[in-house]
Amino acid sequence: MASLHLDKQQSIYVLTLINGDQENALNKDVLDEYISVFDEIENDKNNASLIIRSDHHKTFCNGLDLAWLMQQSIEDKKVFTSQLEDMLLRLALLNLPVIAEINGNAYAGGAILATACDFRFMRSDKGRFCFPEIKLTIPFTDIIAEIVQLLPNQYATWEMSLTGKSMTGVECLQAQVVSQIHSVESLPTETLRFAEDMSQKHRLTYAVIKRQLRHRIVEIAKQRQLYDAEKFAHPFMI
């Protein structure tokens, strides 16, 4: 894969974004890679967890590949937007714990990508988390707005979305945007430690509870035929 690398360390999947020189930007080919990774992970029914990280020392992901996008036709832009929404819906409903390891800037689509994860760990000394769409004059789509609202602190979501404010790791922790912050040296270790613990959770039970807590995302995924109820058929609930 040109932009992503998937590895498995015992029960932990590690998805590394490896196109940092291009800000790990999102275009059609990159979205295709994400979907392929999600298919592979979902087909594994064993208990597991997923870490999404970047190998670039300054950038987690800075959103859309705008240079590429501006070259597309109006129709292709619509297709890409729908594909982006589908990828984020799939990520938000992945059937295992998903942790974003934010070791650098997460802007726009990169912040939204991290928001679709279940937990966010962030570097404490450098890097910012930001929804700059208000400044870019590019509003969220309705579906992406639903993804953005998955952050646990709704006031922080409101403020960042409507002001374009960028937040440091310390500010993100205070606003409950991230679960933990660590130095750049300890961030991978602490993220891995948490992922190891989460990988021991009963996978189907975890997936069902996540679905219940994200019922609005489930309803949207059903409308787009992205949701297979059989994957969440828990014997306790039959």
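## The largest cavity

Ser3, Leu4, Leu17, Asn19, Asn24, Ala25, Leu26, Val30 and Tyr34 line the largest cavity of this structure, which is a predicted model. The volume of this largest cavity is about 30 Å³, and the count of cavities of 30 Å³ or more comes to 1. By class, the lining of the largest cavity consists of 6 nonpolar and 3 polar residues, with no charged residues.

Two of the residues named above also take part in strand pairing: Leu4 stands opposite Leu17 in β2. The strands concerned are described next.

## The six-stranded sheet

An open sheet is formed by 6 strands, which follow the order β1-β2-β3-β5-β7-β10 with mixed pairing. Its edge strands are β1 and β10 (180–182), each of which pairs on one side only. On average, neighbouring strands of this sheet are turned by 20 degrees against each other, direction ignored.

Helix α1 (residues 28–43) lies across β1, β2 and β3, and runs at about 20 degrees to β1.

## Asp55 and its surroundings

Asp55 is placed in the loop between β3 and β4. Leaving aside residues up to four places away in sequence, Asp55 touches Thr16, Leu17 and Ile18. Leu17 is also one of the residues that line the largest cavity. Asp55 and Gly20 are 35 residues apart in sequence, while their C-alpha atoms are 7.0 Å apart in space.

## The four-stranded sheet

A further open sheet has 4 strands in the order β4-β6-β8-β9, and its pairing is mixed. At the edges stand β4 (59–61) and β9 (166–167); each has a single partner strand, so one side of each is left without a neighbour in the sheet.

The partner of β9 is β8 (residues 129–130), and these two strands pair in the antiparallel sense over 2 bridges. Phe129 has Met167 in β9 as its bridge partner.

## The contact of α3 with α4

The axes of helices α3 and α4 come within 8 Å and cross at roughly 30 degrees. Angles under 35 degrees count as roughly parallel, and the crossing therefore makes α3 roughly parallel to α4.

On the α3 side, the residues of this contact are Met87, Leu88, Leu91 and Ala92; on the α4 side, they are Ile112, Leu113 and Ala116. Divided by class, the contact has 7 nonpolar residues, with no polar and no charged ones.

## The largest pocket

Which residues lie nearest the centre of the largest pocket? They are Leu64, Leu66, Leu84, Glu133 and Ile138, out of a lining of 24 residues. The pocket holds about 450 Å³ of space.

Four helices are the elements that give two or more residues to this lining: α2 (66–69), α3 (74–92), α4 (109–116) and α5 (133–136). Of the elements, α3 gives the most to the lining, with 5 residues. The two helices whose contact was described above, α3 and α4, are thus both among the contributors to the pocket. The lining residues of the largest pocket divide into 17 nonpolar, 5 polar and 2 charged.

Definitions and conventions
Residues numbered from 1 in each chain as written. Predicted model: local features only at pLDDT ≥ 70, side-chain atom pairs only at ≥ 80, totals over all residues. Heavy atoms only, no water. 1 Å grid on protein atoms, 1.4 Å probe; cavity = no way out; pocket = protein on both sides within 12 Å on 5 of 7 lines; lining within 4 Å. Points joined across faces, edges and corners; volume = space filled by probe spheres on them. Nonpolar A, V, L, I, M, F, W, Y, C, P; charged D, E, K, R; others polar. Pairing = 2+ DSSP bridges. Axes fitted to C-alpha atoms, helices over the stretch in contact; angles between N-to-C directions. Parallel < 35°, antiparallel > 145°, perpendicular 65-115°, else oblique. Contact = heavy atoms within 4.5 Å.
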